[in-house]
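Let's walk through this model together, one question at a time. Have a look at the structure first.

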Amino acid sequence: MKKNIDKKLFVGRPFPDSLMNAQKSFMESNQQMENDEVFQKFLADNNLENKRSALIVSGPDSFMYWYGVVTDMEADKVPTGLMKFELPKAEIDEEVEENQNLVYFNLPLNSTVPNFVKKVVANGVKVYENLGDSDTPYIVWDLDLDTKKLTQAFYVKVSE
């Protein structure tokens with residue numbers, strides 16, 4: 001389903017594609033973040049304990065995987081030790097999956113990304129063969145642990 005969203009701030013840490021394990025997953029990176037005191041304190045201080053997000057930023061030859069949380073807060077409130085990525089106001093194609101949990105983020109990206117992209121294409125969105133060729137090379141997975149809803153967002157284009 002296409003919709004327009006406002007600018008958002010992703011707070012967490014980036015991990016290069018070279019840190020993927022043999023299963024093409026970032027399980028170890030995710031666990032490192034879950035064990036990180038700065039990240040856990042940030043979640044607690046901002047009432048985000050039951051939210052988790054992953055962001056994939058595609059480039060021409062590689063991609064960067066981020067683990068953290070999506071928020072509407074101001075960029076200057078991000079604590080030292082965590083990094084931020086500003087996502088633009090944009091038109092997205094969104095899919096919602098029920099009954100998901102943190103295990104989703106540990107699944108192999110070589111299955112989760114193509115499966116999601118297939119749904120986006122089926123919705124009539126034009127997708128570059130190399131996602132890094134897009135002006136908006138972002139995929140965001142946003143998990144609400146209270147409702148067990150995983151919202152997948154494919155950035156289609158920046159909106160004014």
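Predicted model: local features only at pLDDT ≥ 70, side-chain atom pairs only at ≥ 80, totals over all residues.

Q: Why do the buried residues of helix 2 line one face?
A: Helices (H or I, at least four residues) and strands (E, at least two) are DSSP runs, numbered from the N terminus. In helix 2, which spans residues 37-45, the buried ones are F39, F42 and L43. Viewed down the helix axis, these buried residues line one face because they fall within an arc, taken from the directions from the axis to the C-beta atoms, of 100 degrees.

Q: What is included in the cover over the buried residues of helix 2?
A: Contact here means heavy atoms within 4.5 Å. The cover includes strand 2 (8-16), helix 1 (27-34), strand 3 (51-58) and strand 4 (63-71).

Q: Which residue places a side-chain oxygen within 3.0 Å of the backbone nitrogen of V38?
A: Look at the start of helix 2, where this approach is found. The residue that reaches V38 is D36.

Q: Which residue with a positive phi follows helix 2?
A: Move on to where helix 2 has ended. The phi there is near 55 degrees, and the residue is N47.

Q: Within what arc do the buried residues of helix 1 fall?
A: Helix 1 has S29, N30, M33 and E34 buried. They pack against strand 2, helix 2, strand 3 and strand 4. Seen down the axis of helix 1, they line one face, so the answer is an arc of 140 degrees.

Q: What is the radius of gyration of the chain?
A: The chain has three helices and eight strands, in the order β-β-α-α-β-β-β-β-α-β-β. The radius is taken over C-alpha atoms, and the globule rule is 2.2 Å times the number of residues to the power 0.38. For 160 residues that rule gives 15 Å, and the chain is close to it, so it is as compact as a globular protein of that length, with a radius of gyration of 15 Å.

Technical notes. Residues numbered from 1 in each chain as written. Heavy atoms only, no water. Buried < 20%, exposed > 50% of the residue type's maximum accessible area, 1.4 Å probe, protein only. Polar contact = N/O pair within 3.5 Å; in protein donor to acceptor, adjacent residues only side chain to side chain.
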